[in-house]
Amino acid sequence: MDRYPDYTRERLRLLIDTLRDRIYPETVRCDPILAAGPTGRISFEQAQSLTGFAPARFDEVLGPAWATWWFRVRARVPQAWDGQPVDLLWDSGSEATLWIDGRAVQGMNPSPVNTPLGARPDAPLRDRARGGEEIAFQVEMACNQVFGEQDLLRGPQRFALVRCDLARVDPEAWDLYHDFLVLQALESEHAHGLDPTWAGELLSGLNRFANIYDADNRATWAPARAILTKLLGRTHGEGGVRHQISACGHAHMDTAWVWPIAETKRKCVRTFSNALRLMETYPEYRFACSQAQQLAWIRDEYPELFARIRQQVAAGRFLPVGGMWVEPDCNLISGESLVRQLLLGQRFFKKEFGILCKEGWLPDIFGYNGQMPQILSQAGLTRFVTQKLSWNRFNQPRHHTFVWEGIDGSELLTHFPPADTYGAHVTVRELRHNVSNFKDHDRSRESLFLFGLGDGGGGPTRRMLESLRRMRDLQGLPRTEIRSIDAFFERLEDDYRDRVRVVGELYFEYHRGTYTSQAEVKRGNRKSEFLLHDIELLAATAHRLGTSPYPRTELESMWQRLLTIQFHDILPGSSTTQVYADARADLEAIAAQGRSLLDTALAALPPGGPEGPSVVNTIPFPIEGVVTQTDGTPTWVQAPALGIGRRTEPRDEVTQAGGPDGIVLENAHLRATLAPDGRLLSLVTRDGQREALAAPGNLLLMYRDEPTQFDAWDIDPFHMETETPCPEAKTCTPFCEGPLRAGVRFERQVGEHSRMVQTVRLDAGARRLEFACDVDWHESHRVLKVAFPLAVRASHATYEMQFGVAERPTHFNTTYDLARYEVPGHRWADLSEHGFGVALLSESKYGFSAHGNVLRMTMLRAPCFPDPQADRGRHHFEYALMPHRGGWQEGGVVAEGLRFNAPPRLVDRAIAPGSLFAVDGDVLVLDTVKKAEDDDGLILRLYEPHGGRGRARVTTALPFAAARFVDLLERPVAEAPVRDGGVEVAFSPFQVISLKLT
């Protein structure tokens, strides 16, 4: 051994297989094995009524993909196995669920090609079997693997019954294998910083073990194991300073991805039953589980399993975390949607388990907006866990533990597990990397280690927990102990010193295509957010006036549907075809139900005022100008903020003229000149005669979009080098709809196989030029953008986000700047210099870029994986250009973005006019009005949009007796002063404020 260490190490590696093979010294095939299928995803109770069970044939291909087969199995324990533990060994090349006595007891999985330690082909059946006893069970076999119908690395897979055996377990062999596995892995770190003295002792001891151990001679096993026991007893002792790892089991479960939601429910059954079963054998085991929606599915469809989960939650072993309905994308959803993720999630955890989560838990989303510290902390979450920024392509995070400060100054104690994964396999190398990679040893000795296989892999395995028992205090490894997430953060809070802070957005330097992919679903989400906002506002008003009941049950169901669509692989566009068929159906259902609820709420508003149609304005800014009537014609309206107005006489008109310089559209505020080829040649503000463009705009640009990996997720930087202008418009048709609307309609080719009809219009009184696009899109691996070179010099662009803004550079000075070549935004992006600026308004798009003075919006992509049909077909979307005096704050961009996204409704009856709610001076945005969750109070959600400080007065036409400030869970914070019928509100920059009127 001393002379030939490489030979010795090879010998030790081979010995692992020998030891593993002795764990099951005897097996017998189960008989009979009866199979029925294929069928759909049916319940266990429904499966008992299946007919056509027939003897199963081994190696027969089963399918089709996503189908289900049910197996009824009986097996008799050999007499010689009396008193011995017995396992089931199962292999169907697919996911499966073991059912015993009508209970889901464990998920079964093949070994993924890239995670051989994650196989779960075995399931304990008896701790002490009786010789001759008959064991009966059923197996629900899904014709899919962990990653859907095909392995992500090996392609389409074959599903067949390969093995169904009873196996006698040799406990001594089990212990020998796990002892040796840990020690051999530790010795293999000899070249990676392991103390050489300890490495030498390990190699010597393991070599002596190999010399003594004879697999076929049990008399050698005890003296051989004594060597391993002595090595495992080498601990660090109590002296000295050591890094402390808190390990917690987890199974990150995508609510949908390369499988539909219907399969996610079964993945949850397999995973959660695994966790519960491990807790029976390993009382120290703790399992963290996020996403209330998944637990709600279990409650509703698998009540027996949910009852067992409840018991383990009460025992402190099964740990609900995160406080959200799902783990949503946090770039795209609105501020109020983020609030509802927390409100519905925390209420579920409180109702079902009696707890409120304390930690935000978003380990896999694609960016973290700068309002999250405030929103999470107002929902009772003071801590935050993620690891996704370890994927960054340009700049690795500088810290694993830090205080994350939001744009308003709110704080979250944040931790990135330094193993850079939420699904560790519990290997020696991972634990050592956890310590060597940790970037804050000068400030803390504590870190978190999350282990277990996600996405249907079933979470932690017995091997992982056996390893952790042996690694707990082993020399050469950090001290590692299984703890709850709460216990870890309590230790971290006590230990963390000289705290560093990171301020604002945590931008993810990856997956920038998710701002654009699956455009139809993104648009449906935006429209649904506004629809739910309007229903809540008007229904709460009608309820307070006593004219109609509040549809709380219906609204909660609609919100749950929408929040589920906002999951971080659905809304971003990175799921498979069936997921989007389901999402579109859900969005259509929300729209249909929403229209009915909205009509009911509108009908319940009190009558009054002059005869004729009423104008219902549901945004917190007044509206005066042109809207489109139900017959498609324009009319002039006027309405107060959050109130009821009327059609009125126009105060402006628009003209259209043709000439040598192009087609000119002009109203009191703007003069736009359009070329016959579709370009915008000029946009001038008439009050200051200021030109908005530095060169022709409305440039439709096509780029090759061929990411090196993660097709639907990524837009790689080299796409910027492939810019190609789209061909000139084929037709140019000016139109004029009386004095209120004029425009030009262009027909043009975009790409090789796609067509666009673009209508550019200017309304009387409008301060924005609008572009409506109807596209028949049939490209592949192309991205379409629109660009506007602006007569503005600015080092930073401003983008609207949830309840605030994000400023990002227009240059590439640093690697942080370079990384942000494509960024998310909500209703607008703006370039401003002193005294003047231009905003690009978006009705449903989220991807932007600003380089120098050129502002671009990304409109469509055409990825091919995981959905080969992604985005192909017809699209409608709109954008607008708005020049303004002053910066974006003084220019009223926030208000104009809302006016563009939510035009007022014309209702064909007389409704009492006036504001329902108002904020003096427009210094706060009254974003949401809803009925309180638990009583008849009204909740008003406001935010400061500009980064200012001061006092405001909130009034309402509805009766109320008192007001108080509440948090996002609607718990009281403080009384709010009421004077002369108005609520006095002090505010600070970007503050989110919730009022409850009772």
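Reader: At what angle do helix α6 and helix α7 pack?
Author: In this predicted model, α6 spans residues 261-281 and α7 spans residues 292-301. Helices here are DSSP runs of H or I with at least four residues, strands are runs of E with at least two, and both are numbered from the N terminus. Axes are lines fitted to C-alpha atoms, for helices over the stretch in contact, and angles run from 0 to 180 degrees between N-to-C directions. The axes of α6 and α7 lie 10 Å apart, and the angle is about 85°.

Reader: Which rules apply to a predicted model like this one?
Author: Residues are numbered from 1 along each chain as its sequence is written, and side-chain values use heavy atoms, without hydrogens or water. Local features need pLDDT of at least 70, totals for chains, interfaces and linings use all residues, and side-chain atom pairs count only at pLDDT 80 or more.

Reader: How many nonpolar residues are in the contact of α6 with α7?
Author: Contact means heavy atoms within 4.5 Å. Residues in α6 including Ile261, Val269 and Phe272 meet residues in α7, among them Leu295, Trp297 and Ile298. Ala, Val, Leu, Ile, Met, Phe, Trp, Tyr, Cys and Pro count as nonpolar, Asp, Glu, Lys and Arg as charged, and the others, Gly among them, as polar. The contact has 2 charged residues, 2 polar residues and a nonpolar count of 7.

Reader: Is the crossing of α7 with α9 left-handed or right-handed?
Author: The axes of α7 and α9 (residues 335-353) come within 10 Å and cross at roughly 40°. These helices are therefore oblique to each other. A crossing is left-handed if the near helix is turned anticlockwise from the far one by less than a right angle, and right-handed if clockwise. The crossing of α7 with α9 is left-handed.

Reader: How many residues of strand β20 are buried?
Author: Buried means under 20% relative accessible area, exposed over 50%, and partly exposed in between (1.4 Å probe, protein chains only). On one side of β20, Glu446, Leu448 and Leu450 are buried; on the other, so are Ser447, Phe449 and Phe451. In β20, residues 446-451, the buried count is 6 of 6.

Reader: Which residue in β20 is the bridge partner of glutamine 244?
Author: Two strands pair if DSSP finds at least two bridges between them. Strand β13 (residues 244-250) runs parallel to β20, with 6 bridges. The partner of glutamine 244 is glutamate 446.

Reader: How many residues of helix α12 are buried?
Author: Helix α12 covers residues 462-471. Its buried residues include Arg462, Met464, Leu465, Leu468 and Met471.

Reader: Which residue in β37 stands opposite valine 757?
Author: β36 (residues 754-763) and β37 (residues 769-777) pair in the antiparallel sense over 7 bridges. Opposite valine 757 stands aspartate 774.

Terms used. Angles under 35 degrees count as roughly parallel, over 145 as roughly antiparallel, 65 to 115 as roughly perpendicular and the rest as oblique.
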